[in-house]
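The stops below follow charged pairs.

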Amino acid sequence: MNTTVDVPRGLAGVVVTETALGDVRGREGFYHYRQYSAVELAERRSFEDVWHLMFRGELPADAAGRAAFAAEIAPLRRLPAEVAGALPALARATAPSGPLAGLRTALSLLGASAGFRPLYDLAPEQRAADALAACAAVPTLLTALYRLGRGLEPIAPRDDLPYAANYLYMLTGQEPDPAAARAIEQYLVSTVDHGFNASTFTARVIASTGADVAACLTGAIGALSGPLHGGAPSRALDTLDAIGTADRIEPWIRERVLAGDRIMGFGHPVYRTEDPRSRMLRGIARGFGGPLVDFAVQVEQHVERILAELKPGRELHTNVEFYAGVVMELCGLPRVMFTPTFCAARVVGWSANVLEQAADSKIIRPAARYAGPTPPRPVPVPA
């Protein structure tokens, strides 16, 4: 017999499955990847190490293990000729929308070209191989689409550069400053996974149908593109631009809050304390220093004070997007690439979730409570 259970809107707080990949403890301001603090991983380990952890359940044991994983990834960064050949037309077609929109189609093309088969039909080893190939190709696709959209030739990946440095190199054509590469790497590590957010849950729903890896990731990218999810880093920085000067902070913020507008970069559906990612990225930004950082800190302090005054009882702090935008701006990334850069990290977390979901043959199929006109009614005869 079918039964239904009413749950909160948006499935807030509803446990839908078990996972060994990580969790977010919002009241503590803590999140983790497997058994390790995600922030501590960002501070101490490389992106490749965390990728290895998410896919294979453990950090590389030593330098030889790290080198072996890097050597496994490096050739997967290069695109098949038929995919690379299609990118110029795709970049032109998606130029008004940006590289993230182009990635949806490009990743589907990559999966089809590589012969990705439904997860349902594959052994775990082949599922993991498809996911590894997709993750490795995403930075190459994103940077190629960005450059082609601006009339520039794509930059081929370099096998000798780690993930973050290679991403910046393919974006700019220049080997990045080590401090900038490390800052972006720390940002990427901090955004690999974050519980059952909208895009991760989307990926798992599609995986539960047995679809191929590219289909799962394409759906996740669609969810990420929404401004209430991954689309916020550049919008948070746009807020700083709109305020402009220190004397405008108070009136600008107060007017927006009283009007009921959302202040981009503040508040989180899970955290009831300071977002630990924001805390880490604030520290990275302060390491660079400069007027933008000083202004961002001023805005943060004013906004939190005004929100505490006008919305008492609610814990509203900066989320990851606020200082992520500042750090990416300081590292020279164009704003149109802020959310794609988030995607270049989160694709690893999505893929790990897809692989975990694929081990469970139960399709995710919730119900909805019908609230329309009472049926059945006679179908009217055309006049």
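**Salt bridge tour**

Across the whole structure, a search finds 19 salt bridges, a salt bridge being a side-chain nitrogen of Lys or Arg within 4 Å of a carboxyl oxygen of Asp or Glu. The model is predicted, so local features need pLDDT of at least 70 and side-chain atom pairs count only at pLDDT 80 or more, while totals for chains, interfaces and linings use all residues. Residues are numbered from 1 along each chain as its sequence is written, and side-chain values use heavy atoms, with hydrogens and water left out.

Select Arg 204 and Glu 356: their closest N and O atoms are 2.7 Å apart, in a salt bridge. Arg 204 lies in helix 9 (residues 198-208) and Glu 356 in helix 16 (residues 338-358), so the pair ties together parts 152 residues apart in sequence. Helices are DSSP runs (H or I, at least four residues), numbered from the N terminus. Arg 204 is buried at 2% relative accessibility, whereas Glu 356 is partly exposed at 22%. Buried means under 20% relative accessible area, exposed over 50%, and partly exposed in between (1.4 Å probe, protein chains only).

Next, select Arg 254 and Glu 309, a salt bridge with closest N and O atoms 3.0 Å apart. This pair links distant parts of the chain, with Arg 254 in helix 12 (residues 249-258) and Glu 309 in helix 14 (residues 291-310), 55 residues apart. Arg 254, at 22% relative accessibility, is partly exposed; Glu 309, at 45%, is also partly exposed.

Move to Glu 255 and Arg 256, whose side chains meet in a salt bridge (3.7 Å, N to O). Arg 256 is partly exposed at 23% relative accessibility, and Glu 255 is exposed at 52%.

Methods: Helices (H or I, at least four residues) and strands (E, at least two) are DSSP runs, numbered from the N terminus.
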